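Colleague: I should like to go through the reasoning behind the labels in this model. Please set each value against its definition.

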Amino acid sequence: PGSFRDRTARVFYHDGKIFRGLNETALNEWRALSTTNFFRRLSDTGAIVPTQERDLASLPLSSSDQQWAAVLEHEKLPFISYPYEWSFEMLRDAALLQLDLVLAGLDEGIGLKDASAYNLQWKGASPVFVDVASFYKRAEGEPWIGYRQFCQMFLYPLLVQAYRDVPFQPWMRGNIDGMDAEVCLNMLSARDYMRGGVLAHVYLQAKAQRAYNATTRDVRKDLSKAGFDKRIIKANAERLRNLVARLQWKPQQSTWSDYLKCGHYEASDAAQKRDFVREAAGTRNWNLAWDIGCNVGVFSRVAAERAKYVVAMDADHLAIDKLYQALKSERVSNILPLIVNVTDPSPNLGWRNMERKRLNERGRPELVLIGGNIPMAEFVQWLRDLGGELVIEFVTRKDPMVVTLLRNKEDHYADYDQDVFERELAARFRITKRQPLGSGTRIMYHAQ
């Protein structure tokens, strides 16, 4: 539904496939794009979603669809995600791909209408650009149309996280247009003005935006008349690319990012849990599996042995960032790491609450792995509503990690009890296997 923002093309679904209708203008742009070397090369590598033009006569178009001059079919990605579910390294790599597309297009006379982070998705640990209708034949003298949006959707969120350790995800979730230059500037200190990119891309951009808002002149037209040479755009994009590539987030250790390295699992327990998950996941092949509370992804990898695709979720940003970096280095294509807090999952957002979908509307799992503190009845019911099989770990109150977490809290968790958990689970699932781990403080369950 969010594709209404581009009036020359619309995305629609039919028979489990993804299509995009093009009007005459968009068709001309597509024909120019599809003959370029960079488009063919990046489509072959998967950096641009593989796309082909379809015969209109072969599609059951309704009368309202007759406006289209052509229809494209895109490769269907296993799971859709949004920038506020990505880690720092994921947003950075998506930004680098966006800049690579700007630079590659310049050499063949192609520009990009915008620079929205929502134009990128993921296939495992690899970013994929999906909005082929954003490309257009660039006229000589035109400025880089998407520069401001690139800063708002990529650069500013990365800067505030790298320089101030302020997470960008809450801001991106609440602002579909990203972060404005003024807001970014307010989050930085005077000392940050001397750090890479701040003067040129934040301070001066904020001043320019204030002037732009106050003028009645057509600034874009003025720039074109002045002869905005593509070499200027290329130099700016290359400087931005170098800046983004150097940005680093250096957080302190988080609660869960080194969970499996800190002694919370005895060696025998970890081995037993892997064997239990492997046996449960090995009962058949799965199209989609979720690993909720995945930490560093040990059991996501086990599930991926029999699942076409695994969405690995954790509320801990650093844990997901580490997992992403590992999957990227190993070139894993069937595990997608996302920052997701299942007690506060992404809701339906955007125009008519239809542009960005809540978690379970983007693909229901056939298998769910989950471990940790369970809010019992309501949470178990939520798991049942997902409709898949369940591999779940119950961690008792005697477990060292639970003792640590509850040490400085008043205990209001009367339902945090093994008998209560098993009763709630049995009321909604058929428990096919129950196995205590060797430590005696954790129990694994496989339920259907």
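Predicted model: local features only at pLDDT ≥ 70, side-chain atom pairs only at ≥ 80, totals over all residues.

Modeller: Let us begin with the axes: they are lines fitted to C-alpha atoms, for helices over the stretch in contact, and angles run from 0 to 180 degrees between N-to-C directions. Helices (H or I, at least four residues) and strands (E, at least two) are DSSP runs, numbered from the N terminus. Helix α3 (residues 88–106) and helix α4 (residues 147–164) pack at an angle of about 145 degrees, their axes being 10 Å apart. Contact means heavy atoms within 4.5 Å, and this one is made by residues including F88, L91 and R92 of α3 and F150, M153 and F154 of α4.

Colleague: What is the handedness of the crossing of α3 and α4?

Modeller: A crossing is left-handed if the near helix is turned anticlockwise from the far one by less than a right angle, and right-handed if clockwise. α3 passes α4 in a left-handed crossing.

Colleague: How do you know that the span of α12 agrees with its number of residues?

Modeller: The expected span is 1.5 Å times one less than the number of residues. For the 14 residues of α12 (residues 317–330) this gives 20 Å, and the end C-alpha atoms are 20 Å apart, so the two agree.

Colleague: What caps the N-terminal end of α12, and what follows the helix?

Modeller: D316 is the cap: one of its side-chain oxygens lies 3.0 Å from the backbone nitrogen of L318. Just after α12, R331 takes a positive phi of about 55 degrees.

Colleague: Why does V340 count as buried?

Modeller: Buried means under 20% relative accessible area, exposed over 50%, and partly exposed in between (1.4 Å probe, protein chains only). V340 has 7% relative accessibility and therefore counts as buried. V340 lies in the loop between β11 (335–339) and β12 (367–371). Leaving aside residues up to four places away in sequence, V340 touches M313, D314, A315 and L359.

Colleague: Why is T36 called buried, and what does its side chain meet?

Modeller: The relative accessible area of T36 is 5%, so T36 is buried. T36 sits in the loop between α1 (24–34) and α2 (37–45). A polar atom of its side chain lies 2.7 Å from the backbone oxygen of L33, and a polar atom of that side chain lies 3.4 Å from the backbone nitrogen of F39.

Colleague: What makes the pairing of S134 and D114 a polar contact?

Modeller: A polar contact is a pair of N or O atoms within 3.5 Å; within protein, one must be able to donate a hydrogen and the other to accept it, and residues adjacent in sequence count only if both atoms are side-chain atoms. The side chains of S134 and D114 are joined at 3.0 Å, and the side chain of S134 also makes a polar contact of 3.5 Å with that of N119. S134 has a relative accessible area of 1% and is therefore buried.

Colleague: How many of the residues of the whole protein count as buried?

Modeller: Of its 448 residues, 51% count as buried. The protein has 15 helices and 15 strands.

Definitions and conventions: Residues numbered from 1 in each chain as written. Heavy atoms only, no water.
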